[in-house]
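Student: I would like to go through this model with you, one question at a time.
Tutor: Go ahead; here it is.

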Amino acid sequence: MEATYCHWCGTALAEHSDRQCRRELDPPRFCPQCGRRLRVKVHTAGFEAECKNHGLQFTADQSID
Amino acid sequence: MADVPVMFRSTTPERPRLSSAEAREAIQNAARALLDEKRQLTLAELDALADVPDASVPALAALAHEVRLEWCGDTVEVEGILSAKTGGCPEDCHFCSQSAKFESPVQATPFLDTADVLAAAQETKALGATEFCIVLAIRGPDERTMDRICELVPLIEKEVGINVAVSAGIITEEQAKRFAEVGVHRYNHNLETAESFFDQVVTTHSWAERFETCQLVRAHNMELCCGVLLGMGETYEQRIELIGQLRAVEPAEVPVNFLNPRPGTPFASRPLIEPLEAIRWIAMFRLGLPSVILRYAGGREVTLRELQALGLTAGINALIVGNYLTTLGRSPDEDLQMLQDLQMPIGALSKVL
């Protein structure tokens, strides 16, 4: 599904496309589909970021822009 | 990374620097005390060292490294940490993205399942770590939380075979006793900053409450892990004051965090500490606390950038490997390679008393 919201800051992508909000060494925090805050489980060697409505969105194994 | 927001740095020294001759003399005097007389520096002696010019910071770091080798040996202790209950904290620590008092992008999550905690401990051990710390974003544990922690600690020790540390906020005498009984190896409770600066950082509990919890940990024969967070706006004098206050609680371990300003928190726009300034204060904490396990903790990647190896030759003898509580660390392989290149063996440490 196409992303509607910035997964770094939760802003609607229509208003925001340059990703200046990205912070080094932060996992994604928002669901790209609904903009809701993700539950991020951070552990020593990885993380999983899950949306209550849309399920698992990101893990440490994928490359995230 | 091209798309990282600009992070401001603090640049102006707040006190006049010593001349290079004065710095040399101050460093030589400290070497005599710590290496020949094998005694701690007084706080006045420490204060004199804090103002060496930037050009003398490598000399200060070299002394701190020699002191670390002499007092603690060359072993580096590796630890992994896990936020087992994230966000929604009722406290207002102004640096923290897990406080419910601020608008933070960190979503609160309840206590993780036992299987998740065990998997995290396994993963930590597989990286060569000897310590695994379960951290909870709470003021202090309620009965249900106590039961969960007290069930997890012996289980992790048995199933994974790693020392288990706990960080669960302010505790009572009875809770300290229970933690000791179930085998908590180290209890983490940070002073964070000097007593004289604390009310600028936290208003929902007092510095004295933190100090009391630290004392309870020691009174129940658990090792105390008592960390600091530098770069919140405290002065040089307050950092020296903090070293004196740490001496009073006798920690086995002192994690050194550098402020990584978090969006939504009151400290979101505070500047980062300059890399060389961070090395100066790592060295100062080693010179002030010669026998403690001085651990690299949060903020080191963004603060020190390419100078991370330098911290390990400036007094650091432990590190948190991999990710932190809500933020990510650099890859564990990079840290393990760094230790191998520095020819520092990995192992468990205890404070030399």
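Student: Which residue of β3(A) does A:Cys51 stand opposite?
Tutor: This is a predicted model, in which local features need pLDDT of at least 70, side-chain atom pairs count only at pLDDT 80 or more, and totals for chains, interfaces and linings use all residues. Residues are numbered from 1 along each chain as its sequence is written, while chains are lettered from A and ligands numbered from 1 in the order in which they are written. Strands (E, at least two residues) and helices (H or I, at least four) are DSSP runs, numbered from the N terminus. In β3(A), the residue opposite A:Cys51 is A:Gly55.

Student: How many bridges join β2 and β3 of chain A, and how many residues lie between these strands?
Tutor: Strands pair if DSSP finds at least two bridges between them. Strand β2 (residues 46-51) and strand β3 (residues 55-59) of chain A run antiparallel and are joined by 4 bridges. The two form a hairpin, and the residues between them number 3.

Student: What is the radius of gyration of chain A?
Tutor: Chain A has 3 strands and 0 helices, in the order β-β-β from the N terminus. The globule rule (2.2 Å times the number of residues to the power 0.38, with the radius taken over C-alpha atoms) gives 11 Å for 65 residues, and the chain comes close to that, so it is as compact as a globular protein of that length. The C-alpha trace spans about 35 × 25 × 15 Å along its principal axes. The radius of gyration of chain A is 11 Å.

Student: Which element of chain B gives the most residues to the side that touches chain A?
Tutor: Contact means C-beta atoms, placed from the backbone, within 7 Å; 26 residues of chain B are in contact with 20 residues of chain A. On chain B, β2 (77-85), α4 (114-126) and α10 (300-304) each supply at least two residues of that side. The one that gives the most, with 4 residues, is α4(B).

Methods:
Contact = placed C-beta atoms within 7 Å.
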